[in-house]
Amino acid sequence: MKIAAVIVAAGRGLRLGAPVPKQYLALAGRSVLARTVAVALSVPRIAAVQVAIGPDDGPLYGAALSGVDDPRLRPPIEGGKARVDTVRLALEALAGDAPDMVLIHDAARPFAPSALWSALIDAAAGGAGAIAAEPVVDALWRAGADAAADQPVPRAALWRAQTPQAFPYPEILAAHRADATADRPAALDDAEVFRRVGRDVQLVAGDPDNFKITTPDDFARAERLAAAQDRAARDRATESAMTDAPTAPPSAALPDIRTGHGFDVHRFGPGGSVWLCGVEIAHSHGLIGHSDADVGLHALADALYGALAEGDIGTHFPPADPQWKGAASHLFLAHAGARVAARGGRIANLDVTLLCERPKIGPHAAAMRARVGEILGLDPGRVSVKATTMERMGLIGREEGMGCIATATVVLPAAQT
């Protein structure tokens, strides 16, 4: 039986705001999407993996998965306006080499274990659909006015759906095609699309850790879980190396710690505010640049690229390319963070020193640390932001412009050359 996986990665940021789609945020040094795809590829019975991405996410996708060379990973396709449209387009993309079965999974669930994927494949082998789900164990209440508890809802026989969801490929494709032309409310998930054409769906016990990253609290939980899984994997690798190769040098299992430096400077010009480390600050002038001239984020991005020996912002975002004219600089930093994640690394520490006479940085430093952490999916405790004047010396001291020096410490999983 030929089996394919569809991974829906066309969603946007975390609720309450995020600068890039949540699937490209670094999770313990590796992007959410990279972790999700890695699990799908770890299932031997899956012959192809098709990822559906947002219309502007090509560079982020490329950075997140640049280190993956598994031939089963197909080029990404662009999704639609709604999730149901995205799934249908991804299923259509598989039609040329149609599988017998497909598993549809949300990119924002990076902790669906490979054993769950296999259980779903087995459950759907008879032609019915099969979805991962967990029985509801908490008391349920329907809210009334002003969020008051109004009516209890019996929880018996209620299950919380997860993904992956497995279906026979021809039937789920036909069901999605039919649903796209029907005049009715959008389906809650692919299981409902399948049920609407009269097909059965089996419930398969899911995994408590297979939660969907939706809110900042979810992301914090995912960060802890990913870090714990990575530590366990490193411990297993170390034990295996000690058992299988006792003569290996002690440094063989040590991480590769890199340091990169970044520097940027921009001249003052007309304007009433400046962008610094992703925060807009009122000022008597603006900063002039090809993008939004955020010296802090530019220096940080260059520091991360430098730690990886991958050039600088100009290498990845050429200033001669008009599409980057006036671009928000968080795009550059997010890309640099995704490159770290693509190498299997994590950001250990970032240190920023802004060089200016004015504006005062101290009142905004906490917001800057939080913003940098948000862009990179990093604890603000790993981000330092400070400032110094130039004692009225030089172009910065004469308040002709601003500068920034940044240092990044990156930990890669093993020595890389």
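Me: Why is Glu-134 called buried?

Reply: Its relative accessible area is 15%. Buried means under 20%, exposed over 50%, partly exposed in between (1.4 Å probe, protein chains only). So Glu-134, at 15%, counts as buried. This is a predicted model, where local features need pLDDT of at least 70, side-chain atom pairs count only at pLDDT 80 or more, and totals for chains, interfaces and linings use all residues. Residues are numbered from 1 along each chain as its sequence is written, and side-chain values use heavy atoms, with hydrogens and water left out.

Me: What makes Glu-134 and Arg-160 a salt bridge?

Reply: Their side chains meet at 3.0 Å, N to O. A salt bridge needs a side-chain nitrogen of Lys or Arg within 4 Å of a carboxyl oxygen of Asp or Glu. The pair therefore qualifies.

Me: Which parts does the pair of Glu-134 and Arg-160 tie together?

Reply: Glu-134 lies in strand S7 (residues 129–135) and Arg-160 in strand S10 (residues 159–168), so the pair ties together parts that are 26 residues apart in sequence. Strands are DSSP runs (E, at least two residues), as are helices (H or I, at least four), numbered from the N terminus.

Me: Is Arg-160 buried or partly exposed?

Reply: Arg-160 has a relative accessible area of 46%, so it is partly exposed.

Me: What separates Asp-85 and Arg-88 in helix H3?

Reply: About one helical turn, because they are 3 residues apart in helix H3 (residues 83–93). Asp-85 is partly exposed, at 22%.

Me: How many salt bridges does the rule give?

Reply: The count comes to 23. Arg-83, Asp-106, Asp-190 and Lys-212 are linked in a network of them.

Me: How many disulfides does the rule give?

Reply: The count is 0. Cys-277 is in no disulfide, and the nearest cysteine sulfur, that of Cys-404, is 5.7 Å away. A disulfide is a pair of cysteine sulfur atoms within 2.5 Å. Cys-277 is buried, with a relative accessible area of 0%.

Me: Why is Cys-356 too far for a bond?

Reply: Because its sulfur is 9.5 Å from the closest cysteine sulfur, in Cys-404. Cys-356 is buried too, with a relative accessible area of 4%.
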